[in-house]
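Please give a short report on the structure shown here.

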Amino acid sequence: MKIGITCYPTYGGSGAIAAELGIHLSQRGHEVHFVSYALPFRLPTFQQNIFFHQVETMSYPLFEHSPYTITLAAKMVDVTQAEGLDLLHVHYAIPHAVSAFLARETLGGRVKVLTTLHGTDITLVGTDPSLHSITRFAIDMSDQVTAVSSYLELRTRQTFQPNRPIRVIPNFLDSARFRPGREAEARHRFARPGERILLHLSNFRPVKRVTDVIRIFAAVRQEIPGKLLMVGDGVERTTAQHLVRELNIEKHVVFLSRQEDIPGLMKIADLFLLPSELESFGLAALEAMSCGVPVIASRVGGLPEVVEDGVSGLLYPVGDVEGMAQGSIQILADETLHDRMAQAARQRVLDHFDADQVVPQYEALYEELLED
Ligand code: GMT
């Protein structure tokens, strides 16, 4: 098949999934064309069967803001015609599903549109009163819609009452790349012998509650020597750094900003912290689990579908810093419990979230769409 993929190219789970999907589809013999304003952050610059088409931003004295929705739709039309695309698979509803609808209508329906909902496109952006109607319209007008968790599917139905079913296809990863391995040398770069490594990875948006991460670590350190690696960057980083200074734990917290080698960092961790306000899925938790790292997270959104409470990690109410700290200490202090959870976490990924299991679900849906 010839598949067009559109996503946000910036640091975030939806872009990561879109890039990973493109890579796996290309390896399975499909031709994949990415259409976006920049190369998605996890997409290699050259890969057989993968092509990138940049949407140019348009400037004109009349436009205070570039009309991206329109220029994206126009590019989708061009690429579909020039490359003979069968379908457009857009990740994140706003504005991508609207652009894809415009492109399909411009082409007289000669291309199919699949929209994958990722989370904040429904829970935050789409629920804004100014965007509610257009989000519902974009969902209804897509030829198929998927959500990355049952939670998100339910939330979409409740919020928009769409007149079409929404299928759940979970997020996934390449378990051969995200695999366990304690690489002692890399561990020694950050921690002394006997110290445990706790890790957080996100885009440091308010929804991630990064200050909870710092407070959990500060409480854990009272009992267990360790280091906290803060991977990623975003608006809350400065606040988090202030808190680290206030709590006098600068020597024990390392802010690593954005990193390329996420599996390399994940696998040296002993525990992953994700105390988010909301996650429709929590891809970073899945990446940690695949590397054999137990997770401490909030019992919210789609996270319980990823992390089995008491099996591959522990879940707590949002904001329960004390509970999360106690849970962390419990896991880190008990080697047997830690190893059992680490193995269960890895096994859960292999059983349910490996690319080899999930990518064929998208392929089957594409085929169904094209048969219609
Ligand atoms: O965080 C966002 O604002 C958007 C989005 C992204 O691009 O990272 O995150 C969502 O999609 C991810 C991939 O499907 C999920 O793993 C995240 O849980 C979800 N974020 C939220 O629901 C806050």
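## Basis of the model

This is a predicted model, in which local features need pLDDT of at least 70 and side-chain atom pairs count only at pLDDT 80 or more, while totals for chains, interfaces and linings use all residues. Residues are numbered from 1 along each chain as its sequence is written, and side-chain values use heavy atoms, with hydrogens and water left out.

## Two domains

The domain assignment of the chain gives domain 1 (2-172 + 355-371) and domain 2 (184-352). Such bounds come from an automatic or database domain assignment. The C-alpha centres of domain 1 and domain 2 are 30 Å apart.

## Where the domains meet

The size of an interface is often given as the accessible area lost when the parts come together. Here, about 1,400 Å² is buried between domain 1 and domain 2. Carbon and sulfur atoms give 55% of that area. Buried area is the accessible area (1.4 Å probe) that two parts lose on being put together, summed over both. In domain 1, Tyr11, Tyr151 and Gln357 lose the most area to domain 2. Together they make up 45% of what that side buries.

Contact means heavy atoms within 4.5 Å. In these terms, 19 residues of domain 1 are in contact with 22 residues of domain 2. The rule finds 7 residue pairs in polar contact across the interface of domain 1 and domain 2, both residues being at pLDDT 80 or more. A polar contact is a pair of N or O atoms within 3.5 Å; within protein, one must be able to donate a hydrogen and the other to accept it, and residues adjacent in sequence count only if both atoms are side-chain atoms. Helices α1 (13-27), α6 (150-160) and α15 (355-371) each supply at least two residues of the side of domain 1 that touches domain 2. The largest share of that side, 4 residues, comes from α6. Helices (H or I, at least four residues) and strands (E, at least two) are DSSP runs, numbered from the N terminus.

## Nonpolar cores

A nonpolar core is a set of buried Ala, Val, Leu, Ile, Met, Phe, Trp, Tyr and Cys residues joined through side-chain atoms within 4.5 Å. Buried means under 20% relative accessible area, exposed over 50%, and partly exposed in between (1.4 Å probe, protein chains only). The largest nonpolar core has 93 residues. Leu199, Leu201 and Phe272 have the most contacts inside it. This core draws at least three residues from each of domain 1 and domain 2. Apart from it lies another core, of 31 residues, among them Val220, Ile296, Val321 and Ile331.

What does Leu201 touch, not counting residues up to four places away in sequence? Its partners are Tyr11, Val231, Ile262, Met266, Phe272, Leu274, Ala284 and Glu287.

## Salt bridges

A salt bridge is a side-chain nitrogen of Lys or Arg within 4 Å of a carboxyl oxygen of Asp or Glu. By this rule the count comes to 19. Asp270 and Arg187 form one of them, at 3.2 Å from N to O. Asp270 is in the loop between α10 (262-266) and β11 (271-274), and Arg187 is in helix α7 (residues 184-190), 83 residues apart. Both Asp270 and Arg187 are buried.

Glu279 and Lys208 also pair, at 2.7 Å from N to O. Glu279 lies in the loop between β11 and α11 (283-290) and Lys208 in the loop between β8 (196-202) and α8 (210-221), so the pair ties together parts 71 residues apart in sequence. Both Glu279 and Lys208 are buried. In the salt bridge of Arg348 with Glu308, the closest N and O atoms are 3.8 Å apart. Arg348 counts as buried at 14% relative accessibility, whereas Glu308 counts as partly exposed at 32%.

Helix α3 (residues 96-106) is largely enclosed by the rest of the structure, because 8 of its 11 residues are buried. Those buried residues pack against β1 (2-6), α2 (68-83), β4 (87-91), β5 (112-117) and α5. Gly108 follows α3 and has a positive phi, near 65°.

Thr135 is found in helix α5 (residues 129-141). Is Thr135 buried or exposed? Thr135 is buried, with a relative accessible area of 0%. Leaving aside neighbours within four places in sequence, Thr135 is in contact with Ala93, Ile94, Asp121, Ile122, Gly126 and Phe160.
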